[in-house]
Amino acid sequence: MTTKEMVYSALFAALIGVLGLIPPIPLGFIPVPITAQTLGVMLAGCFLGKKMGGLSLIVFIVLVAIGAPLLTGGRGGLAVLVGPSAGYIWSWPLAAFIIGYFTEKVWSNVKTWKVVIVNIFGGVLLINLIGAPIMALITNTSVWAGLMASIAFLPGDLIKAFIAAIIAVQLKSVSPIQERLAAAEEE
């Protein structure tokens, strides 16, 4: 891993932390708030690619685990990584990796709508399908109830999927994905 890749990963971990400064929207019927941080997860995947996107979220979770107050509401520490939000948070590296993987597959002919679809499946659906059942288990409710409650996240998550796709495609020329593909073509 190059220094530049480590810096990109660290910058996106920091970006996701900054998105945690945006106040959460608490929902009365589910213990997990609506946050802006999933925008950073999707953006990490579709801008950095699979390797750096996944790594940036691993770095983020390690920082949270050691107590850095990077989650929405200034939360950090091991307690939040085993609380109701745990499944959502633990799914982030996988989501960024999958988004990055499929974004890299379509990168040579990238269109915003393609990245939106990747973000919806790799980000919105994956994060909720992992997070909701784990939240249900932790809160001792049915998995079905957890999945139904997570529907409240869909409108905002879909908007974040569009925003991340638009940003990634607009910044295509400076994306590490573009750099890697250009370097591979030169070889």
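Colleague: Quick one on Tyr101. Buried, exposed or partly exposed?
Modeller: Tyr101 counts as partly exposed, at 32% relative accessibility. Keep in mind that this is a predicted model.

Colleague: How many aromatic pairs does the structure hold?
Modeller: Five. One of them is Phe12 with Phe47, and that pair is stacked. The ring centres are 5.7 Å apart, with 20° between the planes. This pair links distant parts of the chain. Phe12 sits in helix α1 and Phe47 in helix α2, 35 residues apart.

Colleague: How do Tyr101 and Phe102 pair up?
Modeller: Edge-to-face. Their centres are 5.0 Å apart, and the planes make an angle of 90°.

Colleague: Which residues make an aromatic cluster?
Modeller: Tyr8, Phe12 and Phe47 form one.

Colleague: Which of its residues are buried?
Modeller: Met52, Gly53, Gly54, Ser56, Leu57, Phe60, Ile61 and Val64. Their cover includes α1, α2, α4 and α8.

Colleague: What follows α3?
Modeller: Gly67 follows α3, and its phi is positive, near 110°.

Colleague: Which residues touch the most other members of the largest nonpolar core?
Modeller: Leu57, Phe60, Tyr88 and Trp92, out of 51 residues in that core. Helix α5 gives the most to this core, with nine residues.

Colleague: Stay with Phe60. What does it touch?
Modeller: Leave out residues up to four places away in sequence. Then Phe60 touches Ala13, Ile16, Gly17, Gln37, Leu70, Leu71 and Trp92.

Colleague: New topic. How many salt bridges?
Modeller: The count is five. In one of them, Glu179 bonds with Lys4, and the closest N and O atoms are 3.1 Å apart. This pair also links distant parts of the chain.

Colleague: Where does Glu5 find its partner?
Modeller: The side chain of Glu5 meets Lys51 in a salt bridge of 3.7 Å, N to O. Glu5 is in helix α1 and Lys51 in helix α3, so the pair ties together parts 46 residues apart in sequence.

Colleague: Buried or exposed, that Glu5?
Modeller: Glu5 is buried, at 14% relative accessible area. Lys51 is partly exposed, at 46%.

Colleague: And what does Glu104 meet?
Modeller: Lys50, in a salt bridge of 3.7 Å, N to O. Glu104 is in helix α4 and Lys50 in helix α3, 54 residues apart. Salt bridges that share partners join Lys50, Glu104 and Arg180 into one network.

Colleague: Last one. Where is Ser175?
Modeller: Ser175 is in the loop between α7 and α8. Ser175 is buried, with a relative accessible area of 0%. A polar atom of its side chain lies 3.1 Å from the backbone nitrogen of Ile177. Leaving aside neighbours within four places in sequence, Ser175 is in contact with Phe47 and Trp107.

Conventions. Residues are numbered from 1 along each chain as its sequence is written. This is a predicted model: local features need pLDDT of at least 70, side-chain atom pairs count only at pLDDT 80 or more; totals for chains, interfaces and linings use all residues. Side-chain values use heavy atoms; hydrogens and water are left out. Buried means under 20% relative accessible area, exposed over 50%, partly exposed in between (1.4 Å probe, protein chains only). Helices (H or I, at least four residues) and strands (E, at least two) are DSSP runs, numbered from the N terminus. Contact means heavy atoms within 4.5 Å. A polar contact is a pair of N or O atoms within 3.5 Å; within protein, one must be able to donate a hydrogen and the other to accept it, and residues adjacent in sequence count only if both atoms are side-chain atoms. Rings of Phe, Tyr and Trp (its six-membered ring) pair if their centres lie within 6.5 Å; planes under 30 degrees apart count as stacked, over 60 as edge-to-face and the rest as tilted. A nonpolar core is a set of buried Ala, Val, Leu, Ile, Met, Phe, Trp, Tyr and Cys residues joined through side-chain atoms within 4.5 Å. A salt bridge is a side-chain nitrogen of Lys or Arg within 4 Å of a carboxyl oxygen of Asp or Glu.
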